[in-house]
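Colleague: I am new to this structure. Please take me through some of the terms used for it.

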Amino acid sequence: MARILIADDDSDYLAAFRKGIAALGHEVETATGGDAAVARIQTDSKGFDVVFLDFVMADGGGLSTLHKIADLAPDTPIVVITGRAEMVDSPLFQKGMRRARLRLSKTTKLHEFDKIINDLLEIE
Amino acid sequence: MIQAERQIAPLERRFEDRFTQDRFLRRSAITFTIITLFIAGSVLVEGWFLGHDVFVRLFPGFAAMVPSTATSLAVLSAVQLLRLTGQDRIQPLVSWAAVGVAVFAIVNLGISAAQIGSIDLRSDRMSLATAFGLVLVAATQVSHHLGPRAAWVGTLLATVGLFLASVALVGYLFDAASLYSFILLSATALHSALSLFLLFLAHLVATARTNWLRNFLGRGPGARLARLLLPGAILIPAGLTYAAAYLVDTGQASSLLVRGMLVLALTVVLLAALVTFARVRNLELAQSRREILRLRDTLDALNVAAFVFDHYGRGLLMNQRAVELAGPSERPEDWFTDGRFYAIGTFAPLHGAAHPASLLEGPPPEDALYVGWLDIHGRNRSLRLSARRLTSEEGALDRIIVTVVDETESWNAKDEIAKIERLDAAGQITGGAAHEFSNILGAIQLTADMGLMNAEGAAREGFETIARACERGARMTDRLLRLSRDGLGLPQATDLVEALASIAKLAGNMMPESVRLSVDLPPHSHYAYVDPADLEAALLNLAINARNALVASGQSGEIRMALTTIDRKALISVSDDGPGMSPETLSRATTPFYTTQGEAGGSGLGLSQVEGFARRSGGDFDLRSKLRHGTEARVTLPLLDPDDVKAGRADPGPADLSGLRILVVEDDPQFGDVLPASLADVGADVAAFTNAEDALASFDPAAVDVLLTDVRLPGGMDGMTFAKHIRARAPDLPILFLTGYTEEGTTTRDDVGGIVLRKPIRLSMLTNAIDILRTRF
């Protein structure tokens, strides 16, 4: 059982993710944007085990959100999820993306999420 | 041109034709030699054999041509004749004959020299001068064995010989009696001297193209003048001297006075020649000036910028358009070497044959050069440069004419840009759509996965179906993204041979049994500056298209993948022997989303991806097809210099912007986030704003080196207006505009200036653009 934060501006995906990960037995908190995610971490007292972050959100700031979260919680692994793998792989983004532990596609399956969360927890 | 001139002055012009001249020279040389052979033969046969004294000495009391001289002259004439008529097979024999004559003459010379004190001046013998002359003729004839670079030796020997023979002839002309009392010339027969004269002249005429006689040839004004004055130069001094001698002999004037008059007359003749010469030179200069002026008038009427350079790449003139383009610089060549040129599309600096300066040296390339250039307002222009080298008939008066066409606003360029814009748009739309689809599919996927954890029986089957459909959807969005890669990839020096071999292997796995794939690659590496993933996607697209065409036709077939290189370009060809395309299908083939395989799952982006890749990589794509005759797709890519690749110079990467202070105004949420971070990565000091008002409020001209602003900005002020305000406070600040693919215009207004860049932008392109903009002209 792990405490997980997910930031995503797509409410359908957010809901499906929350239910699915909760069904796996983890505790899930959600944020609908980058700023909300940062605020959630600042006010949180228990600490998250893994943070999932959608890199391409309508209000932007994916890269700066990544940096802010990494600064606030340096020990928490951050996993970037995106529907646009080709954009994240571009040289413009590569350097900034180094602070993310993993990059995952939006169409990742539930049992793959389970394995990734467990692997990240073991490393901790 | 030549036709017209012939009509104007048939005779004179016809002689100026090089071919006619050469034929005339050769015939003259042969004629002179035959005359010599005839003289020597007559002396031997008619004179000595049949005993007619008139052939031996022409006039009673004249020196005789002795049999040894006649024989030597006959042999040397024969040698000369064989050489002139090109009897190559017996060349060595002929040369040995000449050497034999020379040895014989030297022996004669030696014997005469040994008894020089006791020679009877009036005896019939081979004279010292004749023997020396024979040696010179023989030496002239064998001198060609020294090779073409020593042609001057033959020329020198023949010229000296010609002069000596002339001395004897002039001696006969003026005072034969005293000629005989001069030991060296005594016993020299008139026809011996004439024969030697003709042989030397024949040699000089035959080799006129390589000796001083060439100044009489050709159509230049100098040659014309020389030909005009030649008879006078020979006849006038002789005529004047004869007249003087006549005056003295008849006692009409004293010898001294006549000498004075002779001096005066010769001086007048020389001065006249000098004046004529100077006049011709001046006329020639005026003529060439007039020609240049007329050329400039002609060029001024053209709608392109034209520069004229001499053989050494020194500027001779610029037309009006060229002055407008390059500014009124003192030396036009400076514009070619110092102008701010860059590669269109990447803003990378230019080197070697790709740089306009290369047009001024070496043979001009056949293809036009397309380059980007920053004008005096700092605006980016697209130029097409082509060079022509004009060579005169003599090969001496080289002119290089470089014409420059500004393609920035031309229809052509607009069409190209529209094409690329369409591709960019297609890529962006697909990218955006794929993102949305990922969100949708991801939500369905996770929900179905969760259902699978809890459900049993029929419900479980339903969730499994949903999960499988999601997998297919995920693969599909992946493929869409790959097909429409929007150029954000990282180009690098890529070995095409190696890349094609591995792509062919991949493509081979996709082929059904009925389709054979063959690969034809050169043995050595060839490098191009491309994104390897882009290249792979492009060639796989082509292979898949060919495969689908063959499979659809229901026949077995062959796909051929080949790489060839021409000059500095690589040609990658993917061809099939399938059904081919009709002209209508072919004309729309590269349009995004156009597909003939709608049902079979084609995205319609394949060929437009290939075209986009080729253009981004500085190359070209074309498709040739004929119904029932198969299809050939050809991608041409510029090749890199292998030495540059080995030395690591081929991969420029982003330019270093260390210490440069950049003001960024950009409201796009994704881009506005990444842009400052990326610029900071390459060393720039970045201040970022999301609207123009804030940026203007805190603008300090002394603290900014470059301004980078989006054209479309939120609030009341757009990028252009913002830049105008900035211009008012910092007139020299380099400005870059960023614009989306849907917006109009690729250049800025005169009062603002600055480069316009279209999104999406590569970091290397952006940093190159900034780098080139900050280097002031």
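**Terms and values**

Modeller: A:Val50 sits in strand β3 (residues 50-54) of chain A. Helices (H or I, at least four residues) and strands (E, at least two) are DSSP runs, numbered from the N terminus. This is a predicted model, in which local features need pLDDT of at least 70, side-chain atom pairs count only at pLDDT 80 or more, and totals for chains, interfaces and linings use all residues. Residues are numbered from 1 along each chain as its sequence is written, chains are lettered from A and ligands numbered from 1 in the order in which they are written, and side-chain values use heavy atoms, with hydrogens and water left out.

Colleague: Why does A:Val50 count as buried?

Modeller: Buried means under 20% relative accessible area, exposed over 50%, partly exposed in between (1.4 Å probe, protein chains only). A:Val50 has 0% relative accessibility, so it counts as buried.

Colleague: Which residues is A:Val50 in contact with, leaving aside its neighbours within four places in sequence?

Modeller: Contact means heavy atoms within 4.5 Å. Leaving those neighbours aside, the contacts of A:Val50 include A:Ile4, A:Leu120 and A:Val79. A:Val79 is 29 residues from A:Val50 in sequence, and their C-alpha atoms are 7.5 Å apart.

Colleague: What makes A:Asp54 buried?

Modeller: A:Asp54, also in strand β3 of chain A, has a relative accessible area of 0%, so it is buried. An unreviewed UniProt entry places "modified residue: 4-aspartylphosphate" at A:Asp54; such annotations may be inferred rather than shown by experiment. Leaving aside neighbours within four places in sequence, A:Asp54 is in contact with residues including A:Lys106, B:His435 and B:Asn439.

Colleague: Why are α10(B) and α11(B) called roughly antiparallel?

Modeller: The axes of helix α10 (residues 221-249) and helix α11 (residues 255-300) of chain B come within 10 Å and cross at roughly 170 degrees. Angles under 35 degrees count as roughly parallel, over 145 as roughly antiparallel, 65 to 115 as roughly perpendicular and the rest as oblique. That is why α10(B) is roughly antiparallel to α11(B). Axes are lines fitted to C-alpha atoms, for helices over the stretch in contact, and angles run from 0 to 180 degrees between N-to-C directions.

Colleague: How many bridges join strand β10 and strand β11 of chain B?

Modeller: Two strands pair if DSSP finds at least two bridges between them. Strand β10 (residues 557-566) and strand β11 (residues 569-576) of chain B pair over 8 bridges, in the antiparallel sense. B:Thr565 has B:Ala570 in β11(B) as its bridge partner.
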